[in-house]
Amino acid sequence: MLESRIITENLSFAYKNKSIIGNVNLNVDPGQVLVILGPNGIGKSTLLNCLSGVLTKYNGKISVNEKDLSELTTKNLSHQVALVSQGVSIKSSLTLFDYLLLGRTSFHSIFEQPDEHDEKVVANVIEEIGLIDYRNISLQNMSGGQRQLAIIGRALAQEPDILIMDEPTSALDYKNQTVVLKLIRELSNKDISIIMSTHDPNQAQIIGDEVGLLIDNKTYLQGSTNEILNDKNLSKLYGTSILSTYNESVNRKIFGIGMD
């Protein structure tokens, strides 16, 4: 039985001899949600781009489904790992259905057209992201929250084992953040492994099975949410006072900035 979907061993990445991330030993199991936290510029996007194969000149080892990532073809990797990048802006006039069909491109040669199976996969994804009524609506006529769900849907159309999401809620209001977080939990319940970054420790508290802290360019700390998410670790991580209180109405800790 597969124990881990993705593992890194002493992963590091440098740009023009400047270390961006270092000594990252990361592990994600099937159906597990790992939330990456860290301040601006610490290397969260760099880490996710290494894990998804976008950046290849890293040191150390990344294993995907027990295979070395560096030995996987682009096509093979795309059938296992899907990336939702930060700040993607859709300006296409495609309908939702046609946009999601683009996620099936790697399953065909350049001259082949989508088939009945592709259309079935996309129809199921549209239902999964809760946009059935928008199937034939142009992306230009959808709200920002709906377009974000469409971007996630295109990634899901790849039928990945691992979904990597770089701050997927950063541009969303509270309602649409909730929609995306609920979707992430539903996907993990279907055995998809998810790695997402965020600035908000409250999101990690809500959906994270494990939390990874990028403390500096040579320190990565990962553990269970209950173990890692505490005032001391978060205050060190962000360089400011972070205080938590337990809220009985939501049955969890709530983190906020200390203003003393």
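**Exercise 1. State what share of the contacts in the protein between residues at least 6 apart in sequence join residues at least 24 apart.**

Solution. Step 1: a contact means heavy atoms within 4.5 Å. Step 2: among contacts between residues at least 6 apart in sequence, 66% join residues at least 24 apart.

The structure is a predicted model, in which local features need pLDDT of at least 70 and side-chain atom pairs count only at pLDDT 80 or more, while totals for chains, interfaces and linings use all residues. Residues are numbered from 1 along each chain as its sequence is written, and side-chain values use heavy atoms, with hydrogens and water left out.

**Exercise 2. Describe the overall dimensions of the protein and its share of buried residues.**

Solution. Step 1: along the principal axes, the C-alpha atoms fill a box of roughly 60 × 45 × 40 Å. Step 4: of the 260 residues, 48% are buried (under 20% relative accessible area; exposed is over 50% and partly exposed in between, with a 1.4 Å probe and protein chains only).

**Exercise 3. Identify the strands that pair with strand S1.**

Solution. Step 1: the protein contains 9 helices and 13 strands; these are DSSP runs numbered from the N terminus, helices being H or I of at least four residues and strands E of at least two. Step 2: two strands pair if DSSP finds at least two bridges between them. Step 3: S1 (residues 6-15) runs antiparallel to S3 (residues 27-28), with 2 bridges, and Ile 6 has Val 28 as its bridge partner in S3. Step 4: 5 bridges join S1 to S5 (residues 59-64), again antiparallel; here Ser 12 is paired with Asn 59. Step 5: S1 is also antiparallel to S2, through 4 bridges, and Ala 14 stands opposite Ser 19. Step 6: S1 and S2 form a hairpin with 2 residues between them, and Lys 16 in the turn has a positive phi of about 50°.

**Exercise 4. Give the phi, location and exposure of Asn 23 and Asn 251.**

Solution. Step 1: Asn 23 has a positive phi near 55° and lies in strand S2 (residues 18-24). Step 2: with a relative accessible area of 43%, Asn 23 is partly exposed. Step 3: Asn 251 has a positive phi near 60° and lies in the loop between S12 (242-247) and S13 (252-257). Step 4: Asn 251 counts as exposed, at 56% relative accessibility.
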